[in-house]
Every structure is written in structure tokens, then in C-alpha cells.
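Let's go through this one together, asking at each step what stands behind a label. Have a look at the chain first.

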Amino acid sequence: RNVAPIISLVVEGSVTKEKIEQDVYTVGSLVVILGGVLLYIEADVFFSPLGLFYMVLNMIFGVSERLLQRKMIAVDPIDVSKTGMMLLNNTVSLLPIGLMIVLTGEYRHWRKFYKLEATSWLLLLLSCVNAVGISWAGINCQAYVTATTFMVLGNLNKFLVIAFGMVVLHESKSVASIVGCCVALGGGVIYARARANLATRGREYKDMLIGK
């Protein structure tokens with residue numbers, strides 16, 4: 001998924017029909033993020049050819065979803081409220097999830113819910129509330145930033161979770177994985193700064209034209 005923003009940066013303009021400004025710092029920051037990810041997975045992540053296939057498939061679906069959402073939310077808005085979009089988005093996802101539940105036989109484990117303690121039920125409820133918040137915030141955010149920026153934000157969020165696991169939960173933290181995590185997060189900071197500079201230059205150019 002961390003390769004996805006680079007692909008999105010290339011195709012977003014032609015898909016959404018909006019002008020996507022970029023410069024060497026924007027592209028360079030994405031390369032820095034990718035470098036950090038590669039360093040991290042080289043040290044601590046193992047995958048099979050089948051796993052790689054699923055990751056590529058996940059990336060294709062992820063890029064397609066973000067580009068279509070950006071177009072329908074900000075570029076060519078559809079007549080549906082953000083709450084309605086959230087409901088529609090999650091309802092559609094239930095179809096493939098339901099199929100996977102049947103195919104994997106996961107439904108057989110549902111009886112274990114009866115054995116959960118009150119604390120576990122509370123945590124489950126809180127996770128549902130948190131998921132609703134994340135879903136709404138994601139749709140709202142896409143109205144203000146490009147699909148590429150949104151994917152960068154999502155990927156960096158995952159690295160913050162990884163960093164939390166290293167520091168608090170004492171998960172795998174080799175020197176290479178720590179450096180990779182820091183490089184990826186640093187690339188995110190560079191990307192944010194680059195986008196801010198592009199926005200500032202764009203406003204200054206418009207003000208100059210108005211002044212003329």
C-alpha cells in the first residue's frame with residue numbers, strides 16, 4: 001500500500017480530472033517513505049508469493065477506491081450526504097466480507113461471543129464506535145485533500161501504530177526496523193511540508209493575477 005501513493009500521483013489527474021500540482025519535493029518525499037518501508041520490511045516482515053499477490057491486489061483496489069471516492073466527493077459530487085456515503089460504503093463492503101465468512105467457516109466461532117465478559121463487550125462496543133468515527137472522518141477528509149495525500153496520511157497512521165507497538169508493547173524493534181519507521185515518518189513530514197508550500201505558492205500566484 002505504500003507504493004500506492006506513487007501510482008496514484010501519476011494517474012490521479014487523468015481519473016479525477018482535477019489539476020494535481022507536484023514538484024520534486026512531493027515525489028522525493030514519497031520515495032523517502034517507500035525507502036523507509038522497504039528498510040522496515042527487509043528487517044522484520046516475511047511474505048510468500050501468494051502474500052505478495054494479495055498485497056498487489058489490495059493496492060489496486062485501494063488506489064481505485066480512493067480515486068473514485070475523491071471524484072464523487074469533491075470533484076464531481078454526488079447528491080448523498082457524508083453520513084449516507086459512510087453507510088453505503090460500509091454496506092457494500094459487507095457483501096464480500098459475508099462471502100468470506102461463509103467460505104472460511106468463521107461463523108462457527110460466533111458462539112464464543114456468549115462467553116465474553118462485560119469488559120470484552122465494552123471494548124467491542126468502543127471499537128465499533130471508533131470505526132464509525134474513522135469511517136466518517138475518512139470520507140470528510142477526502143473532500144479537502146487529494147486521493148494521493150489521503151493515502152499517504154493513512155499509511156503514516158499505520159507507521160505510528162507500529163511505532164507505538166515498538167515503544168509501548170515491546171514488539172520487534174531491530175535497528176533496521178526502527179530506522180525504517182523513522183525514515184517513513186520523516187518522509188511523511190517532508191510530504192506535508194511540500195504540499196503546504198505548493199498550496200502557498202498557488203495562492204500567491206492567484207493573488208498576483210487578481211492584482212494585475
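Contact here means heavy atoms within 4.5 Å. Keep in mind that this is a predicted model.

Q: Which residues make α4 and α5 meet?
A: On the α4 side they are Lys82, Thr83, Met85, Met86 and Asn90. Their partners in α5 are Val132, Ser135, Trp136, Ile139 and Asn140. By class, this contact holds 5 nonpolar, 4 polar and 1 charged residues.

Q: What is the angle between α4 and α5, and how far apart are their axes?
A: Helix α4 (residues 82-104) packs with helix α5 (residues 118-141) at about 115°, and the axes lie 9 Å apart. The crossing of the two is right-handed.

Q: Why is Gly36 called buried?
A: Buried means under 20% relative accessible area. Gly36 has 0% relative accessibility, so Gly36 counts as buried. This glycine sits in helix α2 (residues 24-44). Beyond its neighbours within four places in sequence, Gly36 is in contact with Gly180, Val183 and Ala184.

Q: How far apart are Gly36 and Gln69 in sequence and in space?
A: They are 33 residues apart in sequence, and their C-alpha atoms are 28 Å apart in space.

Q: Which residues of α6 are buried?
A: Among them are Phe150, Met151, Val152, Leu156 and Phe159, along with Gly165 and Met166.

Key
Residues are numbered from 1 along each chain as its sequence is written. This is a predicted model: local features need pLDDT of at least 70, side-chain atom pairs count only at pLDDT 80 or more; totals for chains, interfaces and linings use all residues. Side-chain values use heavy atoms; hydrogens and water are left out. Axes are lines fitted to C-alpha atoms, for helices over the stretch in contact, and angles run from 0 to 180 degrees between N-to-C directions. Helices (H or I, at least four residues) and strands (E, at least two) are DSSP runs, numbered from the N terminus. A crossing is left-handed if the near helix is turned anticlockwise from the far one by less than a right angle, and right-handed if clockwise. Ala, Val, Leu, Ile, Met, Phe, Trp, Tyr, Cys and Pro count as nonpolar, Asp, Glu, Lys and Arg as charged, and the others, Gly among them, as polar. Buried means under 20% relative accessible area, exposed over 50%, partly exposed in between (1.4 Å probe, protein chains only).
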